[in-house]
Amino acid sequence: MDLNEEARPFVGAAVLRGFLPMLLLAAVLTIRPTAAYASAPTVIPVGKAVGIKLFSDGVVVVGTSEIATDEGNVNPAKACGLKEGDIITHINSTEVDTIEEVSALLQELEGEAMSIRAIRDDKQVQFTAQAALCASDGAYKLGAWIRDSMAGIGTVTFYCPDTGAFGALGHGINDTDTALLMPLDSGSILPATVAGVEKGQAGDPGQLQGVFDTDSTLGLLHANTSGGVFGVVSDRSWVEGTSVEVAQRDEVQPGEAKILCNISGDRVEEYTIQIAKVFAEQKDDSRDYLIKVTDQRLLDTTGGIVQGMSGSPILQNGKIVGAVTHVLVDDPTSGYGIYVGRMLQQCDNRE
C-alpha cells in the first residue's frame with residue numbers, strides 16, 4: 001500500500017458554511033505558550049473530542065456566479081480577475097473578515113468602482129471591480145461565493161501542562177471547496193459530547209455525531225497548520241490523564257500500538273491498532289505511519305477510522321508517537337498518522 005492511495009483528513013462531522021453569529025468569540029486572549037517541544041519532553045495524551053470553530057483572516061472566495069440585473073447577467077468578481085481560493089482582505093482601505101462586512105460595504109458603495117486587495121498563493125494581488133445591482137432583491141452583489149468561518153468535531157492530541165499549549169487534529173483545517181488551508185484570524189475549542197456514530201464502510205467514510213456547548217470555551221486557537229491546529233487551554237480542569245514521554249522518531253517501529261478515542265459521550269477509551277509501516281521522513285508530507293485498526297470493539301462501533309477521530313493520540317511502548325490523521329476511503333480500517341514531533345514543532349513555530 002503506497003502513499004498515493006486516496007485518503008481523506010477529517011476535522012469532524014459537520015462543516016458550517018458562512019458566518020454564524022451564535023459562534024462569535026466573546027474575546028480573544030493574547031496569551032501564548034512558551035516552546036512546547038523544547039520545554040516539554042513529556043505531554044499528556046488527551047484523546048477527547050471537541051468542537052472546533054475557526055474564523056478566517058479575510059474572506060475566502062470559494063466560487064463565482066452570475067448576477068441577474070435589469071441589463072442582463074453579469075459576474076463582477078470573475079470580470080475583475082478574482083479566482084477560487086483568493087482571500088479578500090480589504091475593500092478600498094477597509095479590512096474585511098466577515099461576510100457581513102463585505103455585504104455592508106457593497107451596499108454603501110452602491111456600485112461605485114472599488115479596489116479589492118486579496119492574497120493569492122501567499123502574494124498580495126489587487127483588483128478593481130464594481131458591484132452589480134441584483135434585480136431580484138435590490139442588493140448590490142459581487143458575484144463571489146465567500147466563506148469566513150468553519151466548524152466541526154475533532155480530537156485533541158496532546159496538552160503541555162507546563163505551558164498550557166495543546167495540539168489537535170494532526171492536519172490543518174482546509175476549506176471544503178478550494179482544499180486550501182483556512183487562514184486563521186481567531187478560533188477556539190468547545191466542550192463536545194459524542195451522541196452517535198455513523199459507521200464507515202468502503203467508499204463511504206463514517207463520522208462521529210456530536211453536540212457542541214457553545215456557551216463554554218476550553219481554549220483559544222493561535223495556529224492552523226498542515227500539522228494540526230494549536231492553541232492555549234483556558235480551562236485546565238478539563239484535561240485528564242498522566243504525562244508520558246514524547247518518542248523520538250527512530251523509536252517508532254511497525255507493530256502493536258494504542259490509540260485514545262472518544263466515540264461515545266465524553267469518555268476516552270484505549271483501542272489496539274497496528275502501525276503497519278513507518279515511512280521515511282518527508283518534508284512536505286506529514287503521513288508518517290500507515291496504521292490499521294485491529295481492536296474489534298472499535299471496528300464493531302465505527303468500522304475503523306471515521307470523521308472526528310483525527311487527532312486521536314497514538315501510543316507505543318508507553319510513549320506518545322503521533323496522531324491519527326487520515327482514513328483510506330476504500331478501507332476504513334486503515335489510515336495514516338503523523339509523528340508527534342511534527343506537531344510539537346509546528347506548535348512551537350507559530351508566528
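The structure is a predicted model, in which local features need pLDDT of at least 70 and side-chain atom pairs count only at pLDDT 80 or more, while totals for chains, interfaces and linings use all residues. Residues are numbered from 1 along each chain as its sequence is written, and side-chain values use heavy atoms, leaving out hydrogens and water.

Helices (H or I, at least four residues) and strands (E, at least two) are DSSP runs, numbered from the N terminus. In α3 (residues 99–109), Val102, Leu105, Leu106 and Leu109 are buried, meaning under 20% relative accessible area with a 1.4 Å probe, protein chains only. These buried residues line one face of the helix, because they fall within an arc of 100° seen down its axis, judged by the directions from the helix axis to the C-beta atoms. After α3 comes Glu110, with a positive phi near 55°.

Asp175 sits in the loop between β13 (165–168) and β14 (184–198). With 2% relative accessibility, Asp175 counts as buried. Not counting residues up to four places away in sequence, Asp175 touches Val62, Arg147, Met150, Leu180 and Met182 (contact: heavy atoms within 4.5 Å). A polar atom of the Asp175 side chain also lies 2.9 Å from the backbone nitrogen of Asp177.

Phe158, leaving aside neighbours within four places in sequence, is in contact with residues including Val43, Phe166, Phe230 and Leu344.

Conventions. Buried < 20%, exposed > 50% of the residue type's maximum accessible area, 1.4 Å probe, protein only. Polar contact = N/O pair within 3.5 Å; in protein donor to acceptor, adjacent residues only side chain to side chain.
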